[in-house]
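Please keep the sequence and the model at hand while reading.

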Amino acid sequence: MLKIAFIGAGSTIFAKNVLGDCMLTPALADAHFALHDIDLQRLKESETMLQNLNANLGGQATVKAYADRREALKGATYVVNAITAGAFEPYIMGDHEIPRKYGIKQTYADTLGVGGLMRALRTAGPMLEFARDMEELCPDAWFLNYTNPMAILTGAMLRGTGVKTVGLCHSVQVCARELLEGLGMSAEGVRWRIAGINHQAWLLDITRGGEDLYPEIKRRAAERPGPHDDRVRYEMMNTFGYYVTESSMHSAEYVPYFLKSAYPELLERYNIPTENYKGWGGSRQQYWDKVMNELVNDRSISHERTHEYASYIMEAMETNVPFSIAGNVLNTGGLISNLPEEACVEVPCLVDANGITPTRFGALPPQLAALNRTNVNMQLLAVEAVLTGKKEHVYHAALLDPHTSAELPIDRIKALVDELLEANRPMLPDLH
């Protein structure tokens, strides 16, 4: 029997999306779904929800929660990873509050920046433990990683383990459609190409019937009245020529141009909130109330297949009917020829019974590759810190981060890192 393990299954809505998709896929519908989470209450809630969902979708699958991670992984064919390492308080709050004392404002702090760096250090240890278990208990399984910071964690898995790993995100699937809808343009019949790195991949071409849509896109973007939520991406497109996949709120903290303590007016000009994190605790409680009321307690729960890649990847591997995804993989052999080979890049990939085969994409426009490299530099040093345990590489990663290095001198960056490391010490391995 096909076994699909879901690590971080306490994320009930996401578990419903991914495993509900699998239940609706004939090649996967009779699988055994092995759920694991360290939060046993939420694990039980997800199990209840998925058992109800399975019954309503035909009852072909089996669903079981495992408190023991190794039992969940044993014999798995696919492992879906959706963990968060570190509670909202003090860790995620600390990722924001401690840097603010030094003048560093962030938006999400989950991909780059000193906040993203701490999240990577907290999360990489557990993921490498998963990998060691998988190498023993399910050595042929595919590891489908949905956890941020995507490039750092996927890169660490690919470079530090023997586990077959791909990183999966949501932004590529919706990028072109959301751009066009925001400008009052139809997405029907549109073709596009995207490549780069996670959260900073580039919409390189967008056409309909062979017509380049970029001139009309740029005209409408320049005339779009405010306020709206895409000002950062429009500015990047206007300045560097191409639209970026991830949201303006995310993108603002990946470059040194928008979050500037010396220019506070930029926050209003580009509509960049930097204090949303303060409401995340309350919104999380509302989220769980919603989950309990609308999912866990709903015996008539149903599902429609989503655009998440996981079920399509498994289906393509099981049926040998090819499917194309945007995957995060190592840049081995120069898939993107003007980015480092050790980088984790986001490129089109073909999935079939042979596994996941990345596209050799070629060179990005030089200005886009240069922007990517500023992010890749930080990511590669973060991976070095994870794989070597050397504290000096944590400093290096922070010093090379484009936003942090644009705001602070060396000594203040080191002091900030020291304070963050101390605050995260219970969640971190020993650094030397």
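Two strands are said to pair if DSSP finds at least two bridges between them, and the helices (H or I, at least four residues) and strands (E, at least two) named below are DSSP runs, numbered from the N terminus. This is a predicted model, in which local features need pLDDT of at least 70 and side-chain atom pairs count only at pLDDT 80 or more, while totals for chains, interfaces and linings use all residues. Residues are numbered from 1 along each chain as its sequence is written, and side-chain values use heavy atoms, with hydrogens and water left out.

**Strands around S2**

Strand S1 (residues 3-7) pairs with S2 in the parallel sense over five bridges, and within this pairing histidine 32 of S2 is the bridge partner of lysine 3. Between S1 and S2 the chain passes through helix H1 (residues 12-23), and this β-α-β crossover is right-handed; that is, with the strands pointing away from the viewer, the path from the first strand over the helix to the second runs clockwise.

S2 is also joined to strand S3 (residues 62-65) by four bridges, the two running parallel, and here histidine 32 has threonine 62 as its bridge partner in S3. The chain reaches S3 from S2 through helix H2 (residues 40-56), again in a right-handed β-α-β crossover.

Strand S2 (residues 32-36) is mostly covered, five of its five residues being buried, where buried means under 20% relative accessible area, exposed over 50%, and partly exposed in between (1.4 Å probe, protein chains only). His32, Ala34 and His36 point one way from S2, whereas Phe33 and Leu35 point the other way.

**Salt bridges**

The structure holds 20 salt bridges, each defined as a side-chain nitrogen of Lys or Arg within 4 Å of a carboxyl oxygen of Asp or Glu. Three of them are listed here.

| Pair | N to O distance |
|---|---|
| Arginine 70 and aspartate 133 | 3.1 Å |
| Arginine 159 and glutamate 384 | 2.8 Å |
| Glutamate 275 and lysine 278 | 3.6 Å |

Arginine 70 and aspartate 133 meet in a salt bridge; arginine 70 lies in helix H3 (residues 69-73) and aspartate 133 in helix H5 (residues 113-137), so the pair ties together parts that are 63 residues apart in sequence. Arginine 70 is partly exposed at 32% relative accessibility, whereas aspartate 133, at 8%, counts as buried. Both belong to a network of salt bridges that links Arg69, Arg70, Glu129, Asp133 and Glu136.

Glutamate 275 is partly exposed at 42% relative accessibility, as is lysine 278 at 46%.
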